[in-house]
Amino acid sequence: MATNTKEESTRRDFLFVTTGAFAAVGGAAAVWPLIDQMNPDASVKALASIEADLSAIEEGQSVTFKWRGQPVFVRHRTPSEIEEAKAVSLDDLKDPAPDSERVIAGHEQWLVMVGLCTHLGCVPLGQKPGEEKGDFNGWFCPCHGSHYDSAGRIRKGPAPKNLVLPPFEFLSDTLIKIG
Amino acid sequence: MAGNSNYNPTNKVEKWFDERLPLLRFSKEHLMDFPSPRNINYWWTFGAVLAIMLIVQIVTGIILAMHYTPNIAMAFDSVEHIRRDVNYGRIIQGTHAVGASMFFFAVYVHMFRGLYYGSYKAPREILWILGVVIFLLMMATAFMGYVLPWGQMSFWGATVITNLFSAIPIIGTPILEFLRGGFAVDNPTLNRFFSLHYLLPFVIAAVVALHIWALHVPGNGNPTGVEVKSSADTLPFHPYFTMKDLFVVVVFFIPFAWFVFFAPDILGHADNYIEANPFVTPAHIVPEWYLLPFYAMLRAIDFDVFFISAKLGGVIIMFGSIIILMVLPWLDGSKVRSGSFRPMFKPFYWLFVLNFLLLMYLGGQGAEGIYVILSKVATAYYFGYFLVILPILARIETPKPLPSSISQAVLDKNK
């Protein structure tokens with residue numbers, strides 16, 4: 001088209017652009033599966049929810065469940081632990097949340113949280129009897145010294161947030177579905 | 001510096017071949033006759049050491065892959081199987097694991113050589129940037145390799161490092177799950193790390209080829225920083241520098257062999273001999289020694305800056321500490337390359353070296369007390385050196401007079 005001095009689109013230009021556009025869309029469509037295969041697969045997603053039986057957990061006891069490859073802390077809180085958590089002023093909290101937002105109403109004794117420190121993802125101590133529970137009678141992360149209270153709220157140390165609450169619901173008084 | 005070949009095919013077969021694929025001509029030009037400044041010192045031999053180390057890692061790695069199983073149920077045992085059952089497996093696995101440390105030791109010497117002698121300055125900016133790319137690829141490869149034995153440090157190192165990406169606003173969590181192939185570090189993560197750990201060394205080899213290509217356009221720098229002016233300034237690469245390089249490789253292999261034969265685990269962490277357990281975190285998560293300076297800078301940022309959270313700030317600082325090397329040629333405006341002729345530059349340079357070693361020490365300590373403050377000071381100096389000191393020195397420093405040529409410098413020295 002060197003001889004064509006007029007700036008005028010031709011049928012050839014149209015074909016050129018549409019061919020290019022088809023090649024780009026086709027190329028992107030072909031590449032997408034190669035990228036998307038990296039995302040969590042069906043077998044991983046199939047394990048994205050679990051049912052946890054709480055009936056065997058005595059008051060004051062804690063149990064760790066495995067959900068999505070991560071530990072989930074379930075604590076059967078004693079009345080004194082609940083009172084302790086409720087008594088805390090919101091002004092003392094780095095990530096303010098009243099105790100009522102940390103549990104499901106009517107099931108205040110059950111605290112269900114993802115057991116990973118919100119700093120860099122270590123597993124805090126405090127689940128087993130005899131383990132260090134930190135300065136606030138909850139959990140203590142040994143990696144960089146974060147202290148969590150009896151509602152799993154961050155009280156001291158480098159972690160920015162409270163322990164994360166997973167999505168869960170009560171199927172009955174002693175059976176929960178996490179995820 | 002092409003076209004300095006004195007290759008003359010001596011027989012008809014060579015001539016026939018040369019006219020079709022001038023492979024021998026190319027090799028003679030670039031591997032044998034390549035004119036190298038006659039005054040380059042021992043700090044210039046580490047490029048060759050690094051080339052050898054890349055080959056050592058690829059050869060031992062390919063062999064290890066013949067015996068290793070990338071599955072969370074078997075990975076830990078398969079590494080023990082290599083060390084206990086496979087013929088010479090103890091030596092081959094030890095060479096690969098210690099080799100990573102030796103590789104990084106050599107690359108740090110090579111990089112600090114470049115920082116002192118201004119190897120990054122025009123016309124060698126692309127050469128330098130390719131070097132930084134290789135360094136980044138090396139860190140990614142080493143990190144993923146460390147995950148493969150599936151010990152406690154493997155697992156928790158992978159958890160903490162992939163967690164860094166969750167600091168990215170909005171798309172952080174999808175990226176995290178994309179990288180891990182799940183909600184936590186698990187079998188899909190191990191599988192892809194194995195695949196990529198096998199791939200990346202070959203990518204490194206390709207970038208090394210570009211690195212050497214970019215080196216052979218302007219030719220080597222040298223301790224005076226004065227460019228080559230005549231053939232009196234140079235010697236052919238072979239035999240003068242091939243032999244010098246080989247000598248250093250032999251010396252370098254002595255401590256390497258000592259580690260492999262007598263202390264293959266001394267550079268690693270004892271916790272990595274406990275199989276990975278997603279429910280128990282080791283008391284102190286520390287990366288391998290060669291990544292500690294960057295880990296220290298990551299942790300140094302424990303405060304929010306405006307809308308940037310401490311976590312994201314740490315990630316930006318850690319990646320920034322390497323990315324800043326890429327723009328170094330434009331930060332250091334001094335026309336004099338070699339630190340030997342820069343009286344004000346020298347103390348700041350050596351302080352930078354000490355500061356880097358301090359960061360390495362701090363990265364291995366707990367994030368508490370005096371270590372936190374020292375980490376912040378050391379991180380500030382690391383960035384201050386590039387962003388403040390070098391640009392200012394370029395304006396105010398009076399360099400010492402440069403020799404008129406390399407050969408003149410050599411003759412003056414031998415007076």
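In chain A, F140(A) sits opposite H147(A) of strand β6(A). This is a predicted model, where local features need pLDDT of at least 70, side-chain atom pairs count only at pLDDT 80 or more, and totals for chains, interfaces and linings use all residues. Residues are numbered from 1 along each chain as its sequence is written, chains are lettered from A and ligands numbered from 1 in the order in which they are written, and side-chain values use heavy atoms, leaving out hydrogens and water.

**The sheet in chain A**

- β5, β6 and β7 of chain A make an open sheet in the order β5-β6-β7, with antiparallel pairing; strands are DSSP runs of E, at least two residues, numbered from the N terminus.
- β5 (137-141) and β7 (154-156) of chain A are the edge strands with a single partner each, so one side of each has no neighbour in the sheet.
- On average, neighbouring strands here are turned by 35° against each other, direction ignored (axes are lines fitted to C-alpha atoms).
- β5(A) pairs with β6 (residues 146-149) of chain A in the antiparallel sense over four bridges; pairing takes at least two bridges found by DSSP.

**The patch on chain B**

- L358(B), Y361(B), I370(B), I373(B), L374(B) and V377(B) make a nonpolar surface patch of about 540 Å²; patch residues have over 30% relative accessible area and no salt bridge, and nonpolar side chains are joined within 5 Å.
- A salt bridge here puts a side-chain nitrogen of Lys or Arg within 4 Å of a carboxyl oxygen of Asp or Glu, and accessible areas use a 1.4 Å probe.
- Helix α15(B) gives the largest share of the patch, four residues; helices are DSSP runs of H or I, at least four residues.
- I373(B) lies in α15 of chain B, and its 51% relative accessibility makes it exposed (exposed means over 50%).

Note on methods: Axes fitted to C-alpha atoms, helices over the stretch in contact; angles between N-to-C directions. Patch = residues over 30% accessible without salt bridge, like charges linked within 9 Å, V, L, I, M, F, W, Y side chains within 5 Å. Buried < 20%, exposed > 50% of the residue type's maximum accessible area, 1.4 Å probe, protein only.
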